[in-house]
Amino acid sequence: MGQDHIRYDILAQDALRGVIRKVLAEVAATGRLPGDHHFFITFLTGAPGVRISQHLKAKYAEQMTIVIQHQFWDLKVTDSQFEVGLSFSDTPEKLVIPFNAIRGFYDPSVNFELEFDVPLVEEEETPAEVTAYPLAATERTEESGDDKGDGEKKQGSVVSLDAFRKKQ
């Protein structure tokens, strides 16, 4: 197989991050989530451009999952990042999260998930891979920014984009 000079992996990852950007921009424009939609967003806390309080950084040294559902405010979306206000144990926090720091996006109301292979800050840079999960979620426990306190487990099958690549 020849060398990919176009870098389809990066183009696909950017396109899928555009889905998250568009969805969050719609929510920011209307000020509310449509229907039963809500989002679990997992991101690397040490990624370049991430801004969270020292308290949250100490608690979530590598990655964190937030929930955008009932209690959020000041959602602002740009081409490269979003910022949002959330409450953690009755303490208001402002988070700034670049789209490149996102490892996962999940909307349980329609069972839609995107997962990105973003290397941890200490890891060596490797080509990014993207796996789309439009119909199922991987098993995991979520940390929530909505103060529910109850972790939620999601289970399902995994579909990799590798299955759709042309074999040569």
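Strand 4 and strand 5 form a hairpin in which two residues separate the strands, and S89 in the turn has a positive phi of about 50°. The model described here is predicted, and the values that follow are computed from it.

Strand 4 itself, which spans residues 81-88, is mostly covered, since seven of its eight residues are buried. In a regular strand the side chains alternate between the two faces of the sheet.

How many salt bridges does the structure hold? There are three salt bridges in the structure, and they are listed below with the separation of nitrogen and oxygen.

| Salt bridge | N to O distance |
|---|---|
| D9 and R7 | 2.9 Å |
| K22 and E26 | 3.7 Å |
| E83 and K94 | 3.2 Å |

Side chains of opposite charge can pair when their charged atoms come close. E83 forms its salt bridge with K94, the closest N and O atoms being 3.2 Å apart. Because E83 lies in strand 4 and K94 in strand 5, this pair ties together parts that are 11 residues apart in sequence. E83 has a relative accessibility of 14% and therefore counts as buried, the cut-off for that class being under 20%.

K22 is exposed, with a relative accessible area of 55%, whereas E26, with a relative accessible area of 46%, is partly exposed. In the bridge between D9 and R7, D9 counts as buried at 17% relative accessibility, while R7 counts as partly exposed at 31%.

Helix 1 covers residues 8-30 and also contains L11. Together with I6 and Y8, L11 makes a nonpolar surface patch of about 330 Å². Is L11 buried, exposed or partly exposed? Its relative accessibility is 47%, so L11 counts as partly exposed, a class that lies between the 20% and 50% limits.

Methods. Residues numbered from 1 in each chain as written. Predicted model: local features only at pLDDT ≥ 70, side-chain atom pairs only at ≥ 80, totals over all residues. Heavy atoms only, no water. Buried < 20%, exposed > 50% of the residue type's maximum accessible area, 1.4 Å probe, protein only. Helix = DSSP H or I, 4+ residues; strand = E, 2+ residues; numbered from the N terminus. Pairing = 2+ DSSP bridges. Patch = residues over 30% accessible without salt bridge, like charges linked within 9 Å, V, L, I, M, F, W, Y side chains within 5 Å. Areas by Shrake-Rupley, 256 points an atom, 1.4 Å probe, with all protein chains shown as cover. Salt bridge = Lys/Arg side-chain N within 4 Å of Asp/Glu carboxyl O.
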